[in-house]
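Biologist: I would like to learn how to read strands and helices in a model. Could we go through one feature at a time?

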Amino acid sequence: MALDESLIEELGLGPIWVRRAVVPVVPVVPAEETRQPTAQVERVQQVVEAVEAPAPVVIREAPQPEPDVPPLDAYDDLPWTDDAPVHIEPAEAPSDIHTLDWDALAARVANCERCRLCERRTNTVFGVGDREADWMLIGEAPGENEDKQGEPFVGQAGKLLDNMLRALALSRESNVYIANVIKCRPPGNRNPELDEVARCEPYLQRQVELVKPKVIVAMGRFAAQSLLKNEASIASMRGRVHEYRGVPVIVTYHPAYLLRSLQDKAKAWADLCLARSTYRDALAALGVEQGAEKGGI
Ligand code: URA
């Protein structure tokens, strides 16, 4: 709470209705000064005078940010408290994202300020891998390591993912493209908000258009629900072939979940096998001979 507000509270003058003159006329007192009793008394007098001065009554405006902003990391363990997002374009703003090539798209993401997540990111996390891959894997949003390094799935969950892919002769170095629904880390790894998904989704849509994958694997409930526009459980979405913008989608568990729930690894393996057979079916439909595929065994 800002100092002038705390004084108002202290005086019992701080309900919803206060005079507009109160907030702007009281200067911010440096921390040193607040420790001096005389300065404190002067401040109280200032506030009382301001409250007593005649002025039109208005609904209190949002408090100004406090001058002493804690370091960015300090927010990470707190629930999200921003109720006044900035840098937000109207959701319906016309966008040329669907016309961008890879370089322009990557640059657009790197400079993106379409939602509040831009304020606390270290790096945007665009995507990694073969930009002409037949397989595309889609996760939720960057975590702490990804935010630091600017690459998706670089933590423990990423190692598990890489190992599972290797079992299918797939890797981010050669024949898979990996991206997230959200390109910036949500503070404290909270779930992304609906408006953040809406503002970020055009980037993923364009990535899918550019990669033109033959199969998409959605990892985790959030990614699956975002792509498939539903609120279904992972259990109900697994084991079936869905579709995103004309591309078959297989839903599986998020690798971070698998790190905690080893018993579900076998199910995740079954999901990848379904993705592989779906991929083969897609190739067959295109008349690609077995053995000529570029994506996995
Ligand atoms: N979890 C995700 O969904 N994506 C990442 O890039 C890292 C962790």
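Biologist: In which sense do β7 and β8 pair, and over how many bridges?
Modeller: In this predicted model, strand β7 (residues 242-244) pairs with β8 in the antiparallel sense, over three bridges. One of the pairs to look for is E243, whose bridge partner in β8 is P248.

Biologist: Which strand pairs with β8 in the parallel sense?
Modeller: That is β6, residues 215-219, and the pairing has four bridges. To locate it, find I216, which stands opposite V249 in β8.

Biologist: How many residues of β8 are buried?
Modeller: A residue counts as buried if its relative accessible area is under 20%. In β8, residues 247-252, six of six residues are buried, and the strand is mostly covered. V247, V249 and V251 point one way, while P248, I250 and T252 point the other way. Both sets are buried.

Biologist: In what order do the strands of the sheet stand?
Modeller: The sheet is open and has six strands, in the order β3-β5-β4-β6-β8-β7, with mixed pairing. β3 (128-129) and β7 each have a single partner strand, so they stand at the edges and one side of each lacks a neighbour in the sheet. Elsewhere in the sheet, β4 (residues 135-139) and β5 (residues 176-180) run parallel and are joined by five bridges. There, I138 stands opposite A179 in β5.

Biologist: Which strands does helix α9 touch?
Modeller: Helix α9, residues 221-228, packs on the sheet and touches β4, β6, β7 and β8. The direction of α9 makes about 130° with that of β6.

Biologist: At what angle do helices α5 and α8 pack?
Modeller: For two helices, read the angle and then the distance between axes. Helix α5 (residues 102-110) and helix α8 (residues 194-211) pack at about 160°, and their axes are 11 Å apart. An angle over 145 degrees counts as roughly antiparallel, and α5 and α8 are therefore roughly antiparallel to each other. Their crossing is left-handed.

Biologist: Which residues of α5 and α8 meet?
Modeller: From α5 they are W102, L105, R108 and V109, and from α8 they are Y203, R206, Q207, L210 and V211. The residues of this contact divide into six nonpolar, one polar and two charged.

Biologist: Where is S277 found?
Modeller: S277 is in helix α12, residues 265-285. S277 counts as partly exposed because its relative accessibility is 34%. S277 and V215 are 62 residues apart in sequence, and their C-alpha atoms are 9.9 Å apart in space.

Definitions and conventions. Residues numbered from 1 in each chain as written. Predicted model: local features only at pLDDT ≥ 70, side-chain atom pairs only at ≥ 80, totals over all residues. Heavy atoms only, no water. Buried < 20%, exposed > 50% of the residue type's maximum accessible area, 1.4 Å probe, protein only. Pairing = 2+ DSSP bridges. Axes fitted to C-alpha atoms, helices over the stretch in contact; angles between N-to-C directions. Parallel < 35°, antiparallel > 145°, perpendicular 65-115°, else oblique. Left-handed = near helix turned anticlockwise from the far one by under 90°. Contact = heavy atoms within 4.5 Å. Nonpolar A, V, L, I, M, F, W, Y, C, P; charged D, E, K, R; others polar.
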